[in-house]
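Let's take a friendly walk through the sheets of this model. Have the sequence and the 3D view open as you read.

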Amino acid sequence: MDIVFDISEDEVPIFLAEVDEHLQVLDDILIRLEKESDDSELVQTVFRSAHTIKGMAGMIGHRRMTEITHALETALDGVRKKSIHISTPLINICLDAVDRLRLLREEVVTGQTSDIDIDELVQSLKDLTIAKKDDGPEPVQPILAKAPGGIDAVEQKLQDLITKGGTVSEISQAQQTRTVQIIATIPADSVASAARAFQMMMALQELGDIQSMTPTQQQIETASAVSDFSAVLVTSQPDKKISAGLLQIFGLGDIYIDGKAILSNGMPVEESAPQIASEPVDPAGKNGNVSTPSAELSRQVPTESTPPSRRSTDVTAKSVVETNGRRSTDMTVRTNVERLDSLMNLVGELITDRNHLQQIRARLEADSRLSGRLEQFSESVTHLGRITDQLQEEVMRIRMMPVGSVFNKFPRMVRDMSQKVGKLIDVVIHGEDTEMDRSMIEEINDPLIHLIRNSVDHGIESPKDRIAAGKPERGTITMTARHEQGRIILTVEDDGGGIDAKRLRNSAVQKGLITPEEAAVLTEEQSIDLMFMAGLSTAQKVTDISGRGVGLDIVNTNIQRVNGSIEVETQLGFGTQFQIVLPLTLAIVPSLLVGVNNSTFAIPLVMITETLRLEKADIKNIYRKPVTLLRGNVLSLLRLSDIFSFAEPEEQKKYLFAVVVHSGKQRVGLIVDSLIGEEEVVVKSLGAFIGDIPGISSAAILGDGKVALIVDVFGLFKLAGI
């Protein structure tokens, strides 16, 4: 059945993004609360997110989302007031509510009513609250948390504290309490202006007690357009903290705190900027409202940072930081991903032209007859190269996303899976702020899911087995991300039982994947690598988590497809670590250009360990396959001319070159005729007309207009049977 919400098409992406953000907060914090139940800040955070979703759902008329969040908010309020104790059953119900909210969120996208039943869930949340109310009176809240009657009531409470002998901290806090007038404007073109007003109200509630507010909460929740917002706040917080809280809300025009502008025309105001005069604050809040002089609000504050026109409402004030004594705001823009891809393609074309000009300059410099004008041309090319590099760097930054956008969903996933298999598992995350290209973020999602499933089902032992082995009953999965030499390193590590190489060999033989003779000559490392073979599983029984022989082979395939690699370190009885090495992006690939029989190939630098110069005598043959010695170890060699069926050159060169590439722990030297140099190449698809070419992943247009084929290192390994 069709369902209509009170939201425009332009407002839908913002609604979805903000709901997703708060749902993720609920997931993360609820799981933490299960183990950190005494942390009141976590309780406040999770309550605030539920309250925000409720307000947003109410403003667009999403009745069922509002019902769930209202029941969830009530239960969390009981936790906040300590009338409901945190327990695993409570967290289960709350997480179930989060799952239902995610499904109901899709109704805004599809416009279709789903068949989700919420009545039983809402009743379960209500039952929690009703059961606890019967246990006794609600605990008394701190005096200053909700101080009705404004500053006069606060002063009375202060006097009572002194008379009755309150603690030093209570008296100190009461003495610092004051009233603050907040005035703000919301531009007419702001998307979801009522939502901005609601966010203002939420932010102020975190900072103190709202004595009076215009519009009222009831008016805001009708989703009517809001242009002016004002409030009188009873608070003990300094202006600096109030400013920081309000500047995190995007889509606002001007903000004044006691007449002092902190935001003008959507831009933060310098502390030294001249301020407007303000009417005196009426502490009593006459008639329950705060006057909002429109003439004062419409006046612009002259500052250097004020732009000639109002900023687009797409710009979001995310956080305020102090830099050399000056206040600045980190601004983010929400835009369509296709626009970023188009911009990246244009930058790629510019890089190709830059490389072409640099080649022309090199040729002209070799011709002394043109030295007169060459200097000017050289300066222009250098400047263009510098600007192109900066533009490329900025575009890459725009495309970057924190790895935490993927990592943060795993604590919830591990909790759910571990309960199914009867295990106790914690997830520890490091480096979640590490950034990588959004295209790589999309590619690593499935491999990480399979690795986590493997650790839960195969890696971590049951509590009974862990205790018997002298370990804590709770296992730990650690996820880490970091940058290293222009690459992204991701690790998934568990402190479980490790991988039994013998068991892997036996399983591979039983399933007919290798012969007993092949299994007998495998090294320990080669035996461990068997886990990446399709169809291999050591599980005793098939579960809904694993055991069907699929998963790790997909991990290997997906990682190889993006020119990445995966290595495994394991110790029986102590745990396993998977390390994934990935390039920063798939759009522009730093490569080593090599020559093979008058053709040019590009080998991604992320796959290269080193390069070697070889004489003919350095190359030996073992079982008719070329090898060489590298620091006392045998290195297998592959001739690119043989793999791609090039004709033998008539002239035999004295020297050849080998580019040492790696796949996991395996190393192979690719024999080429020459090393041309490093270059950042723009990846171009071969297209459906050409199709897949074994050993070649894509192509690139070089500065001189020639086409270089980009080598698929893992494809070469397969072609060579390695």
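## Ground rules

Two strands count as paired if DSSP finds at least two bridges between them. Helices (H or I, at least four residues) and strands (E, at least two) are DSSP runs, numbered from the N terminus. This is a predicted model, in which local features need pLDDT of at least 70, side-chain atom pairs count only at pLDDT 80 or more, and totals for chains, interfaces and linings use all residues. Residues are numbered from 1 along each chain as its sequence is written, and side-chain values use heavy atoms, with hydrogens and water left out.

S10 (residues 425-430) runs parallel to S12 (residues 475-484), and six bridges pair them. His430 has Thr480 of S12 as its bridge partner.

S12 is also joined to S13 (residues 487-494), here antiparallel and by eight bridges. Across this pairing, Arg482 faces Ile489 in S13. The S12-S13 hairpin has two residues between its strands, and Gln485 adopts a positive phi near 50 degrees.

## The six-stranded sheet

Now to an open sheet of six strands, ordered S2-S3-S1-S4-S5-S6 with antiparallel pairing. S2 (209-214) and S6 (267-268) are its edges; each has a single partner strand, so one side of each lacks a neighbour in the sheet.

Within this order, S4 (residues 254-257) and S5 (residues 260-264) form an antiparallel pair over three bridges. Ile257 has Lys260 in S5 as its bridge partner.
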